[in-house]
Amino acid sequence: MISYPSRHCTVELQALPSRIGQVRRIVSAQLRYWHLDALIDRASLGVTELLSNVHRHAQPDKTCTVEIELLLDRLTVSVRDHDPRMPVIDDAEPLATCGRGLAMVAAMSESWGVRPDGESGKVVWFTLPTSSAPVAAPSRRARRTVLEKPAHRFAEVGHTTDELRPEHAPARSAVAG
């Protein structure tokens, strides 16, 4: 069996709103480098929610470490902070402006969790599956078939008969098919 070494990226930061955007861009760039573009939106959303929780709840400081790790078929994103209190998913009121972050992380990830990190901290993490099978390029025959398909023609709209009132023409879709 061929195994590939794991890939890591670690960023240490203060979980301040201006830094959260920077980390999101770092995560996006790293996933592009690893050719995991399909995971960028979900990973960015998840890391934003976890860092927002550190900013909002972590005591005594906002220092944290974001780590992304790629192992064969799974991407793990984790955020380590110095607050030993464990997060919980609450049922947010319908009009509440916060309280849904961990529920979103749970919904968009394959798995998620939290574990203590020594006596004074914790790690909150989530995983996303990666596709190990390469995407097959379309065959030459399929491309030729698409190119030979005749284009749909649309009726031309006539000129106006009255400068103030355009001539009525039925609505047409710009999408062929």
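## A buried aspartate and its partner

Asp83 is buried, with a relative accessible area of 3%; buried means under 20% relative accessible area, exposed over 50%, and partly exposed in between, with a 1.4 Å probe and protein chains only. Asp83 forms a salt bridge with Arg85, and the closest N and O atoms are 2.6 Å apart. A salt bridge here is a side-chain nitrogen of Lys or Arg within 4 Å of a carboxyl oxygen of Asp or Glu. Arg85 is partly exposed, at a relative accessible area of 48%.

## Basis of the model

This is a predicted model, in which local features need pLDDT of at least 70 and side-chain atom pairs count only at pLDDT 80 or more, while totals for chains, interfaces and linings use all residues. Residues are numbered from 1 along each chain as its sequence is written, and side-chain values use heavy atoms, with hydrogens and water left out.

## Overall layout

The protein has four helices and five strands, and from the N terminus on the order of these elements is β-α-α-β-β-α-β-β-α. Helices (H or I, at least four residues) and strands (E, at least two) are DSSP runs, numbered from the N terminus.

Of the 177 residues in the protein, 28% are buried. The protein exposes about 12800 Å², and carbon and sulfur atoms supply 55% of that area; accessible areas come from the Shrake-Rupley method with a 1.4 Å probe, and for residues only the protein chains shown count as cover. Among contacts (heavy atoms within 4.5 Å) with a separation of 6 or more, 59% come from residues 24 or more positions apart.

## Salt bridges

Side chains of opposite charge can pair when their charged atoms come close. A search of the whole structure finds five salt bridges. One of them joins the side chains of Arg74 and Glu110, at 2.7 Å from N to O. Arg74 lies in strand β3 (residues 74-81) and Glu110 in the loop between α3 (101-108) and β4 (111-116), so this pair ties together parts that are 36 residues apart in sequence.

Arg74 also meets Asp73 in a salt bridge, at 3.7 Å from N to O. Relative accessibility is 39% for Asp73, 31% for Arg74 and 41% for Glu110, and each of these values counts as partly exposed.

## Cysteines

How many disulfides does a search of the whole structure find? It finds zero, a disulfide being a pair of cysteine sulfur atoms within 2.5 Å. Cys9 counts as buried at 14% relative accessibility, and Cys64 is buried at 1%.
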